[in-house]
Amino acid sequence: MSITRFMVSETSNRETKYNIHPDFKLLSAIHPPLNRKTIPRIQKMMGLLYHGQRSGSKVKVEHLRIPAGEGRTVKALLYTPKREKVQGGLLYCHGGGYAFPAAPYQYRLARIYAERAGCCVLFPDYRLAPGHPFPAAAEDCFAAYRWLTSRSEGLPVAVGGDSAGGTLAMAVCLMAIDEKLPVPCAQLLTYPAVGNCGETESVRLYTDTPMCNTKDMDTYGEWYVQDESAGKLKYRSPIEADSFEGIPETYIETAEFDCLRDGAVIYADKLREIGIPVELHNTKGTIHGYDMALKSSIVKDLVGKRIGFLKKAFGVSSVA
């Protein structure tokens, strides 16, 4: 059975319930199967995509094992542009509710960022819930960030992520501040899960939206946080940090029909309140995971904005 077939929902009523842009109609039939019994099988199947990543004509791909302490290592991919001068580094944390491995479009985006932003992209294959609950994923991503900064040779390093990967990117920033390591030069967050914001309007309204909804987030949360005393609260719910001092300039995209939408806006407002520059794009007609439709003109425009933000963060005057 294919990975795509695993993800297809039995119903498509949501296609007409929400005014989803035609570019994303096909995605509205996709919904990850959140079943604790079948998730190990899906993780194994999707994990094969990681091993299949190879160098191409424009981007070199290396498979790494990054030391993470106590004799443990973190698997990661390093994407390096072949034709562009390396201007910086990007730690990219993929989304998937902390439970799903990276999907094909996320690997494709890593290549695009490397090629068009002229940066090395480190893509950690972090440990997944429910087998490895919090703080495993955050620790793996931070180990990858530490490795990347140690080899950056003075070049700026940014962090980025989509959905749950956005949470992990934000956690890495907070961990770097706490550990007194070089703080990322920028955050690139795509429809991020910022943590517990209470019952926002989007949380209340979007209980059945495709790709991700409030009910799904409850399940992901149960799988990810199995011990409330484990780790620091702000590393799993960055919006609940006592302070945002030291957080770098931030780029955020939200999806209109997404339970995570309002939380990301609240996070943006909190950063702006203390003078941190934020570039916020509230996209319309979109659903969670919309950049899976990489051929959409809407997505192409947004990817161009992300590239421009990264180049600016790396100190490159020209944009995509």
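Me: How do you know that two strands pair, and what makes β5 and β6 an example?
Reply: Two strands pair if DSSP finds at least two bridges between them; helices (H or I, at least four residues) and strands (E, at least two) are DSSP runs, numbered from the N terminus. Strand β5 (residues 157-162) and strand β6 (residues 186-190) are joined by 4 bridges, so they count as paired, and they run parallel. Asp-162 stands opposite Thr-190 in β6. The model is a predicted one, in which local features need pLDDT of at least 70 and side-chain atom pairs pLDDT 80 or more, while totals for chains, interfaces and linings use all residues. Residues are numbered from 1 along each chain as its sequence is written, and side-chain values use heavy atoms, with hydrogens and water left out.

Me: What is the strand order of the open sheet, and why is one side of β1 and of β8 left without a neighbour?
Reply: The 8 strands follow the order β1-β2-β4-β3-β5-β6-β7-β8, with mixed pairing. Because β1 (59-67) and β8 (278-282) stand at the edges, each has a single partner strand, and one side of each lacks a neighbour in the sheet. From one strand to the next, the twist averages 15 degrees.

Me: Why is α4 called oblique to α11?
Reply: Axes are lines fitted to C-alpha atoms, for helices over the stretch in contact, and angles run from 0 to 180 degrees between N-to-C directions. Angles under 35 degrees count as roughly parallel, over 145 as roughly antiparallel, 65 to 115 as roughly perpendicular and the rest as oblique. Helices α4 and α11 pack at about 50 degrees, with their axes 10 Å apart; α4 is therefore oblique to α11.

Me: Which residues make the contact between α4 and α11?
Reply: With contact meaning heavy atoms within 4.5 Å, the residues include Leu-109, Ile-112 and Tyr-113 of α4 and Val-303, Gly-304 and Arg-306 of α11.

Me: What makes the pair of Phe-24 and Tyr-290 edge-to-face?
Reply: Rings of Phe, Tyr and Trp (its six-membered ring) pair if their centres lie within 6.5 Å; planes under 30 degrees apart count as stacked, over 60 as edge-to-face and the rest as tilted. By this rule the count comes to 15 aromatic pairs. Phe-24 and Tyr-290 lie 6.2 Å centre to centre with 65 degrees between the planes, so the pair is edge-to-face. Phe-24 is in the loop between α2 (14-17) and α3 (39-51), and Tyr-290 in the loop between β8 and α11, 266 residues apart.
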